[in-house]
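The stops below are given in the order in which they may be selected.

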Amino acid sequence: MKKINEQSIEELNIYCDTIRKKIIQTVSKNGGHLSSNVGAVELIVAMHYVFDIENDPFIFDVSHQSYTHKLITDRWDNFDSLREFNGISGYTRPDESPYDYFVAGHSSTSISLAVGAAKAIALKKEQSTRVPIALIGDGSLSAGMVYEALNELGDRRYPVVILLNDNKMSISKPIGAISKFLSQAMAGNFYQKIKKITEQILQYLPESATYMAKKFEESLKLITPGMLFEELGVDYIGPIDGHNLESLIKAMQAAKNLKKPVIIHAQTLKGKGYEMAEGYYEKWHGVGPFDVASGEAIKNGASKNATAMYSEALLALARKYENVVGVTAAMPSGTGLSKLIQLYPNRFWDVAIAEQHAVTSMCAMAKEGFKPFITIYSTFLQRAYDQIIHDACIMNLDVVFAIDRAGIVGEDGETHQGAFDISFLSAIPNMSLMAPRDEKECMKH
Ligand SMILES: Cc1ncc(C[n+]2csc(CCOP(=O)(O)OP(=O)(O)O)c2C)c(N)n1
């Protein structure tokens, strides 16, 4: 097969179709992240077209969308073992392939990694041959780590390309002001058109008018998503169609050559290519085995799970006691909180991928006399370790940490195991640990 950057756009589009089919077929058998992966095919093919996998750090945020990268690099033939024991991981792992730059699974680490890589590249004087590229979703832009990284990047201006995959979805509906800001993309399209017209007019205007026209262009930026990043010192390209290879390749080539921090805002359709999953469907983010023709899940006959039991128990409590409140960090259905958020929108919240904020904000509610249930997967609660010690336990507050997916989690692998909660929580003063044996015990309160 020809190298990616030797293929025509037509050939690459056919290649994208083949990749999509392979992903759909494999995920339908083994389960996995369906809609995130089929939605990112062109983005990743374009990354491989413009950047050099032998030299440039390819950094995938969460890396749940990296299947195309795995198929392009060295894992096409054993992709059938996706998420199986000793098989291909659903996330990037350097011990699986030299083309996986870093382990990922917890969100919003990619820009920090890109900044670190850029510092190393500068110290090693390799700037002429190496530029880090980070692929991050709009949902993952909600976590604090992103802003810690942007804060340094925009100031020091390292050459880093950030490819923002904006599909207007996290696992579920994206939450928060940043997400609202990004969705002003219509204004962005309008801005792009006006910018083009302004540039054309500028050619025919005398010098004195140029300043005014530039000011006009600047003021239009106030209504575009680019403003946020440009004000932070990161150049902005977009919004562009994230399924159009030609636009993606051009934008990435320009961004790579700028030798500055640049964010490319690409708009994609989550689920693209598998009609039933196209759009805003939480259920197609991560799936078990399913029938491709009907979209029906192939059930394994599992009985009611612990999440459903907890959800019912918490609902009963919420009905009985008005001071019961609760929070999830971007996992409303995974943690059983969807129904509570729907029934009691003023007492149960999804605060986006913000485990630290979830814990600290609920600690203040406990201080005010409420009884918070902080419902987070064991593995993601690791993010909030300091907040548990500093804000919950030193204050000795009456909060419940309802920990989902404790213990061995299975197909998601190492980054998602709930293996450490007993050891890291039992070391903290004022913390009591309990595990209900069964549904009856879970309902006891
Ligand atoms: C710290 C942390 N909290 C929660 C999760 C669970 N999680 C995995 S992917 C995801 C949504 C990511 O949305 P986005 O970045 O927009 O990617 P998309 O799947 O939409 O392409 C979440 C919440 C995680 N991986 N890490």
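Begin with strand β8 (residues 324–328) and strand β10 (residues 371–377), which pair in the parallel sense over five bridges. Helices (H or I, at least four residues) and strands (E, at least two) are DSSP runs, numbered from the N terminus, and two strands pair if DSSP finds at least two bridges between them. Within this pair, T328 stands opposite T375 in β10.

The model is a predicted one, in which local features need pLDDT of at least 70 and side-chain atom pairs count only at pLDDT 80 or more, while totals for chains, interfaces and linings use all residues. Residues are numbered from 1 along each chain as its sequence is written, and side-chain values use heavy atoms, with hydrogens and water left out.

Axes are lines fitted to C-alpha atoms, for helices over the stretch in contact, and angles run from 0 to 180 degrees between N-to-C directions.

Next, select helix α5 (residues 110–123) and helix α6 (residues 144–156). They pack at an angle of about 30°, with their axes 8 Å apart, and are therefore roughly parallel to each other (angles under 35 degrees count as such). The contact is made by I111, S112, V115 and K119 of α5 and by M145, V146, A149, L150, E152 and L153 of α6.

Move to helix α1 (residues 9–30), where 22 residues reach 31 Å from first C-alpha to last, close to the 32 Å expected at 1.5 Å a residue. That expected span is 1.5 Å times one less than the number of residues. Among the buried residues of α1 are L12, Y15, C16 and I19 (buried means under 20% relative accessible area, with a 1.4 Å probe and protein chains only). Just after α1, G31 takes a positive phi of about 80°.

Finally, which residues of the largest nonpolar core touch the most other members? Of its 47 residues, these are L34, V45, M47, L163 and M252. A nonpolar core is a set of buried Ala, Val, Leu, Ile, Met, Phe, Trp, Tyr and Cys residues joined through side-chain atoms within 4.5 Å. A second, separate core of 27 residues includes V327, M331, A358 and L425.

Conventions. Buried < 20%, exposed > 50% of the residue type's maximum accessible area, 1.4 Å probe, protein only. Parallel < 35°, antiparallel > 145°, perpendicular 65-115°, else oblique. Contact = heavy atoms within 4.5 Å.
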